[in-house]
Amino acid sequence: MVIITPNNTYFNNLIKNDFNIKKIFNYPFIIHKENNDNKKFIDLLLQNINIYTKNLNIIATINNEDTILRLVKANLGISIISEKLANNYIKSKSILKFDI
């Protein structure tokens, strides 16, 4: 799993400067639907870095990974998704990825 973000100036600057993962989570966040196994796994990942979904700026709850990828690419928010699913978007530089 990786954090995916739009490929914009804000996130490119984060990559170039001192990266702090917590700065990413101030941005609008797109989460997986509540009943999704990925959502449960993501909740655990976030808890491990002391970030809780109740503190995120959640703008959408989506059940489809391709929709999440398109929303992130459109600069509407960030998300956490399987790197394998995001690989084509990452390779084409449509989105950026940050390791958790």
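Residues are termed buried under 20% relative accessible area, exposed over 50% and partly exposed in between, as computed with a 1.4 Å probe on protein chains only. The views below show a predicted model, in which local features need pLDDT of at least 70, side-chain atom pairs count only at pLDDT 80 or more, and totals for chains, interfaces and linings use all residues. Residues are numbered from 1 along each chain as its sequence is written, and side-chain values use heavy atoms, with hydrogens and water left out.

**View 1. Phenylalanine 11 and tyrosine 27 form an edge-to-face aromatic pair.** Rings of Phe, Tyr and Trp (its six-membered ring) are paired if their centres lie within 6.5 Å; planes under 30 degrees apart count as stacked, over 60 as edge-to-face and the rest as tilted. By this rule there are four aromatic pairs. In the pair shown, the ring centres of phenylalanine 11 and tyrosine 27 are 4.7 Å apart and the planes stand at 70°, so the arrangement is edge-to-face. Helices (H or I, at least four residues) and strands (E, at least two) are DSSP runs, numbered from the N terminus. Phenylalanine 11 belongs to helix H1 (residues 9–16), whereas tyrosine 27 sits in the loop between helix H2 (21–24) and strand S2 (29–32); the pair therefore ties together parts that are 16 residues apart in sequence. Phenylalanine 11 is buried, with 0% relative accessibility, and tyrosine 27 is likewise buried, at 17%. Both rings belong to one aromatic cluster formed by Tyr10, Phe11, Tyr27 and Phe98.

**View 2. Strand S1 pairs with strand S4 and with strand S5.** Two strands are taken to pair if DSSP finds at least two bridges between them. Isoleucine 4 has serine 79 as its bridge partner in S4 and stands opposite lysine 97 in S5. Five of the five residues of S1 (residues 2–6) are buried, so this strand is largely enclosed by the rest of the structure. In a regular strand, side chains alternate between the two faces of the sheet.

**View 3. Phenylalanine 25 is among the residues with the most contacts inside the largest nonpolar core.** A nonpolar core is a set of buried Ala, Val, Leu, Ile, Met, Phe, Trp, Tyr and Cys residues joined through side-chain atoms within 4.5 Å. The largest such core has 17 residues, and those with the most contacts inside it are Ile3, Phe11, Phe25 and Ile78. Two or more residues are given to this core by each of H1, H2, S2, helix H3 (37–48) and S5. Leaving aside neighbours within four places in sequence, phenylalanine 25 is in contact (heavy atoms within 4.5 Å) with Ile3, Leu46, Ile49, Ile51, Leu56, Ile78 and Ile80. Apart from this core lies another, of 13 residues, which includes Ile68, Leu69, Ile81 and Ile90.

**View 4. Glu83, Lys97 and Asp99 are linked in a network of salt bridges.** A salt bridge is a side-chain nitrogen of Lys or Arg within 4 Å of a carboxyl oxygen of Asp or Glu, and the count by this rule comes to three. Between lysine 97 and glutamate 83, the closest N and O atoms are 2.8 Å apart. This pair links distant parts of the chain, with lysine 97 in strand S5 and glutamate 83 in helix H5 (residues 83–91), 14 residues apart. Lysine 97 also meets aspartate 99 in a salt bridge, at 3.6 Å from N to O. Lysine 97 is partly exposed at 31% relative accessibility, as is glutamate 83 at 32%, while aspartate 99 is exposed at 52%.

View 5. Aspartate 66 is partly exposed at 36% relative accessibility, and arginine 70 is partly exposed at 46%.

**View 6. Asparagine 50 and asparagine 75 have positive phi values.** Asparagine 50, a residue other than glycine, has phi near 60° and is found in the loop between H3 and strand S3 (58–62). Asparagine 50 is exposed, with a relative accessible area of 55%. For asparagine 75, also not a glycine, phi is about 70°. Asparagine 75 lies in the loop between helix H4 (65–73) and S4 and is partly exposed, with a relative accessible area of 38%.
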